[in-house]
Amino acid sequence: MLVFLWRRLLYTLPIMLGVALVCFALVHLAPGDPLVSILPPDASAELQAKLKELYGFNRSYPEQFVSWVWRALQGDLGTSIASNRPVFSEVMMAVGNTLRLAMVATLIGFLFGCLFGFVAGYFQNSWLDKLASLTSVLGVSVPHYWLGMVLVIVFSSILMWLPPGGAGPGGSGDWAWDWEHFKHMLLPAITMSVIPMGIISRTLRALVGDILAQEFIVGLRAKGLTDFGIFLHVVKNAAPTALAVMGLQLGYLLGGSILIETVFSWPGTGFLLNSAIFQRDLPLLQGTILVLAMFFVFLNLIVDVVQTLLDPRISRS
Amino acid sequence: MPLTPLDLGGPAQPMLSVRGLVKHFPLKKDVFGKGGGVVRAVDGVDFEVLKGETLGVVGESGCGKSTTARLLMQLIIQDQGELIFDGQTVGGSALPLKAYRRQTQMVFQDSYASLNPRLTIEDSIAFAPMVHGVPQSEAVARARDLLGRVGLAPERFAERYPHELSGGQRQRVNIARALALQSRLIILDEAVSALDKSVEAQVLNLLLDLKEDFGLTYVFISHDLNVVRYMSDRVLVMYLGQVVEIGNSETLFNNPAHPYTQALLSSIPTLDPDRRTEKPPLAGDPPNPINPPTGCRFHPRCVHAQDICSQKMPVLAHTAHGQQVACWMHVAGSAHGLAPAHPLGSATQEVA
Amino acid sequence: MHITVDPQKLPELAMQKSAGYWQTVGRRFMQQKVAVAAALVVLVLLVLAVFGPWLAPMDPYQSSILKRLKPIGFPGHLLGTDELGRDMLSRLIVGTRLSLFIGITPVICAFVIGSVIGITAGYAGGWVNTSMMRTIDVFYAFPSVLLAIALSGALGAGITNSLISLTIVFIPPIARVAESVTTQIRGRDFVDAARASGAGAFTIVRVHVLGNVLGPVFVYATSLIAVAMILASGLSFLGLGVKPPEPEWGLMLNTLRTAIYTQPWIAALPGAMIFITSIAFNLLADGLRSAMEIKQ
């Protein structure tokens with residue numbers, strides 16, 4: 001098993017390199033002058049050349065790539081063209097906000113997803129199952145940005161119970177786990193949780209159904225195990241996959257938060273990405289995509305490792 | 001029926017000569033370089049298949065029978081050794097692979113997995129002729145004709161799909177497919193092992209009839225000794241990737257020469273109270289093809305093993321009854337205590 | 001050699017022509033009421049997509065300053081008007097065409113390209129497989145939304161660019177599924193039997209592999225359509241996809257955002273259309289999947 005983990009770890013390295021490469025290529029494939037946002041239209045050629053040199057845009061692509069990666073490994077992701085602050089600190093602050101939101105959302109989605117999934121799997125083909133399955137299909141199909149809008153309409157505009165956006169009274173830098181802040185998080189978190197809830201619920205329904213149909217369950221019952229005991233067995237068998245799916249969903253939320261953050265003006269990485277794109281702020285864009293992608297890669301790695309540790313079948317293969 | 005490919009060497013020339021076949025499968029090494037090694041699936045196999053005979057091949061799981069079958073079909077390529085088909089080297093200029101594949105075909109064990117679930121029966125059978133240039137209408141006609149020959153009425157079966165047929169029927173289809181190219185040598189790899197006994201009997205009789213009708217040569221691989229005895233003219237016994245005994249079927253079953261063959265045959269359950277099995281026929285641990293024992297591979301489990309057996313590997317030698325055996329007990333003048341002192345008859349001895 | 005005939009089965013066997021694979025799938029599909037209902041909804045949407053401009057009661061581009069943001073049920077405008085005074089019903093109907101187009105087209109393109117990559121890698125095996133699939137894995141290492149947005153952001157706004165970026169996003173998952181299925185099929189005895197009959201690789205892939213692989217890959221691709229639609233409309237919602245004044249549901253959500261305080265239900269309408277379409281395609285894909293399962 002250690003061998004497997006070691007190999008899995010090693011395998012991540014070329015992937016990370018590939019990701020960095022794609023990241024770099026993506027951004028530089030953008031047409032248009034990266035400096036257009038800060039240069040005045042009548043800037044002299046001399047000024048343009050100077051700025052280019054400052055940001056390193058005048059060197060060859062391989063050079064730029066290598067120096068970017070080298071500095072990134074040391075924590076320096078360059079300086080944002082638009083805000084003139086270090087990319088790294090901007091991204092990290094944003095990541096903090098998104099992570100908070102995503103984790104709460106994943107938790108909610110996981111809890112309800114497990115609930116619906118187990119109910120559906122245990123009571124297959126009954127009305128409970130149909131209801132739970134319906135809920136999960138709806139969860140998976142909903143355009144989450146629209147759902148966000150609807151929730152804002154209902155809870156903010158009509159009922160006026162919750163604020164429509166932002167991260168709290170202190171702005172994006174200040175967070176505390178109190179009701180003042182939490183009520184800003186509630187709507188976006190619920191919105192974000194819907195798709196993971198749908199996916200986890202569907203996966204678990206199939207999984208629980210499969211486990212219950214297996215012969216060893218009949219054997220356990222024959223030995224006199226109570227329903228609760230059997231339930232624990234099912235949980236034990238379903239846990240690795242359920243946790244894996246949850247981990248993956250967290251990754252997707254981290255990477256895909258932009259839509260919801262736009263709806264709720266949540267100052268996270270998605271929001272940052274949005275402004276980076278529209279301001280054509282190359283260093284910021286590059287840095288944000290890189291950090292998000294790396295998070296996702298690491299998350300996948302952790303999910304694999306945890307799954308191996310929990311599921312004895314995989315580790316022995 | 002159109003002309004079959006011409007017989008080249010006459011009845012005396014073997015249909016297939018297998019010389020020095022070796023196939024090893026490497027094991028994955030981990031990142032630290034540990035755990036390498038090879039599985040010696042087939043480790044030096046020589047034998048001949050005579051024209052018009054049925055050569056049975058027996059041995060336990062892991063002895064290399066299936067690998068040998070796939071090597072004979074060239075579905076996997078050997079590391080060393082060659083195949084000579086009717087005097088021509090397979091894969092050489094006179095007999096390129098595609099031409100060899102017209103002459104030799106195989107029937108697999110799993111009747112369902114051997115058929116493309118998306119093709120009708122007649123399409124499955126007609127595929128091979130079409131690959132070799134036979135026009136479609138003619139290939140389909142040939143397919144239908146073959147279906148009739150194997151006992152499946154073409155009107156009822158030609159346009160069906162594999163999942164609609166029973167195991168025995170599917171195996172008949174596989175046999176028909178093997179005949180579609182008018183091949184001369186058919187390799188049957190556990191072809192009846194998965195069938196119910198009654199169906200098995202029907203299919204075996206079909207095989208015998210077809211062999212006579214078409215003048216076929218069979219290599220019949222099976223772990224079921226009774227079936228092999230029923231079907232084969234000669235039998236070849238394999239152990240851990242090597243041939244340990246070859247001989248005429250009846251002779252081998254009545255007078256097994258190699259200790260392994262003896263053990264194998266005595267393990268056949270019988271209802272005869274006079275032939276009760278009293279002691280376990282085989283001692284020791286089952287073989288490991290990754291690290292085979294030195295010398296004679298059977299020696300750790302052999303009742304008659306002596307020093308020479310662990311030191312030198314015996315090569316096939318002839319016995320009094322006309323079999324070939326790879327055992328020091330049968331090599332005259334060898335250091336084994338039970339070996340005969342002088343060579344018997346006109347048989348030659350080979351000492352490793 | 002005697003052919004044994006079961007007299008009781010004779011009439012039935014003689015009359016019956018055996019059902020092909022797709023006929024069986026079709027029959028099983030029809031037995032699922034929910035899936036059939038979903039298929040009908042999809043059909044209606046397709047009709048709207050094709051015939052939208054003729055079915056719409058008014059011109060979706062005609063704006064009117066006086067009639068901005070009129071509520072649902074306003075005389076002459078069944079579903080009200082948008083922020084530029086255009087008729088909502090007409091825009092929703094005509095918008096079907098673009099919204100479906102930007103969702104389905106990338107999936108089709110990715111299906112073709114991904115299948116070629118996956119089947120080639122799966123059949124060839126060895127280093128060809130490893131190198132191809134590792135490259136695919138690098139793209140797969142990005143969360144899809146992030147990749148789509150990054151690509152769109154890089155390429156710029158516009159329909160063509162979002163089609164390209166979405167296609168690229170969906171190629172890796174399809175290629176992976178194709179490779180996995182192909183590798184499984186490759187190991188089956190009937191492929192060995194085909195090799196044993198002397199057929200070349202292309203013939204074997206054409207006759208034996210494609211028929212067994214494209215089905216499952218197709219089903220997987222259909223399950224991606226809903227996601228693609230939501231993502232495509234999402235891109236327009238962010239301003240990275242379709243540009244105004246084209247009617248497209250995601251774009252409409254964007255431009256109507258400010259109206260959520262004045263006419264909330266109108267602002268929500270385009271999203272409801274996306275929701276309905278997505279449900280229908282998901283249920284359709286589910287139905288197709290269960291119709292094709294257990295077949296082997």
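Which residue in strand 7 of chain B stands opposite Val107(B)? I will come to that after the conventions. This is a predicted model, in which local features need pLDDT of at least 70 and side-chain atom pairs count only at pLDDT 80 or more, while totals for chains, interfaces and linings use all residues. Residues are numbered from 1 along each chain as its sequence is written, chains are lettered from A and ligands numbered from 1 in the order written, and side-chain values use heavy atoms, without hydrogens and water.

The residue is Leu188(B). Val107(B) belongs to strand 6, residues 104-107, and strand 7 covers residues 185-189; strands here are DSSP E runs of at least two residues, and helices H or I runs of at least four, numbered from the N terminus. The two strands run parallel and share four bridges, where pairing takes at least two DSSP bridges. Strand 6 is covered on both faces: Thr104(B) and Met106(B) on one side, and Gln105(B) and Val107(B) on the other, are all buried, meaning under 20% relative accessible area with a 1.4 Å probe, protein chains only.

Also in chain B, four strands form an open antiparallel sheet in the order 2-1-4-5. Strand 4, residues 80-85, is joined to strand 5 by two bridges, and Ile84(B) has Thr89(B) as its bridge partner.

Last, chain C. The axes of helix 4 (88-124) and helix 9 (201-238) come within 6 Å and cross at roughly 145 degrees; axes are lines fitted to C-alpha atoms over the stretch in contact, with angles from 0 to 180 degrees between N-to-C directions.

Terms used
Buried < 20%, exposed > 50% of the residue type's maximum accessible area, 1.4 Å probe, protein only.
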